[in-house]
Amino acid sequence: EFGRADIYGAEVVIERLPGDTLWNYERIFPDTEPDLGPEGPDRLIQIQRARIFDSRFVLRFPWEPDEPVTAEDAERLILREAPGGLQREFRFENINANLPRVLWESPVEEGRLFQVASLSTRGYIWADPFDLRDMQATVTHRDSVIVFDVDRFRLPETVGSGLGRIIVGDERTLVDVSIHGDEVATRDLQWLYPPLPDEGGGTLDFRIQTQPVGTLWLARDARISAPGTELAGSFGIVTGDTLYFTQVDLRAASLDVDLLESLLPIDLPLDGLLVGTV
């Protein structure tokens, strides 16, 4: 048990190569202890306070998409050549964090726990980065399941909270994430969806959920303002082999058709500005 751990300028790389079943840390730190069964010792590995300063974390894993990827989407991915194929890379720069508790191993149950009092980083999930100014959260990891409960997060002009679950499988990664945006600026989300306008924002509940086929992107109870457009209601898109709209219940007053068309992956047979209420 550590009472305090201060980490400066660390660089951590976790990766799995295409065609491999083990991550690099599983090779570096193999489990060589014999299985003593229920009579074995109960172990505790815990840090009561950890602080991280100006550090870097990189995650690389085989890139084997389970649904069609357009050339435009592929250009946004961070891909690198590796023995046996391609890897996708997630990178987090300039990490500064305060973790009141890190439970790495517990005699009570399997899994890991990370309590995050504050966290800031510049992250590259896609080629365009996001700027996380602050976050307070609890993260648990057990087997292939990662669960997080975010009490608050702050981007340059966006404030919200969220919770979610990620299940990393051998053939497919399942995602179910819900986000509540108290204040949302569209420019803060362009890293996730580049067609969003520079000017605009509002409030909404947003969900990303893996479907049996494709991925659901759903905005609920939204009130969004953008140039020439005021929107309220719910709107969902499922992407995959087939793109379709779902749970659409929108009101607009007015609606800039050119803006709408720029946000959708299809062309609309309309031009101009709809004035009034739609």
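The following legends describe close-up views of a predicted model.

**View A. The cis peptide bond between Ala253 and Ser254.** The bond that links Ala253 to Ser254 is cis, with omega near -5°. Ser254 belongs to the loop between β18 (244-252) and β19 (255-256).

**View B. Asp221, a non-glycine residue with positive phi.** The phi of Asp221 is positive, at about 45°, although the residue is not a glycine. Asp221 is part of strand β16, which covers residues 215-226. Because its relative accessibility is 58% and the cut-off for exposed is over 50%, Asp221 counts as exposed.

**View C. Gln247, a non-glycine residue with positive phi in strand β18.** Gln247 is not a glycine, yet its phi is positive, at about 50°. The residue lies in strand β18. Gln247 has a relative accessibility of 43% and therefore counts as partly exposed.

View D. Strand β1 (residues 5-8) pairs with strand β4 (residues 50-62) in the parallel sense, over 4 bridges. Within this view, Tyr8 has Phe53 in β4 as its bridge partner. Strand β2 (residues 11-15) also runs parallel to β4 and is joined to β4 by 5 bridges. Val13 has Val58 as its bridge partner in β4.

**View E. Antiparallel pairing of β4 with β6.** Strand β4 and strand β6 (residues 85-99) run antiparallel and are joined by 10 bridges. Arg51 stands opposite Asn98, a residue of β6.

How values were computed:
Residues are numbered from 1 along each chain as its sequence is written. This is a predicted model: local features need pLDDT of at least 70, side-chain atom pairs count only at pLDDT 80 or more; totals for chains, interfaces and linings use all residues. Side-chain values use heavy atoms; hydrogens and water are left out. Helices (H or I, at least four residues) and strands (E, at least two) are DSSP runs, numbered from the N terminus. Buried means under 20% relative accessible area, exposed over 50%, partly exposed in between (1.4 Å probe, protein chains only). Two strands pair if DSSP finds at least two bridges between them.
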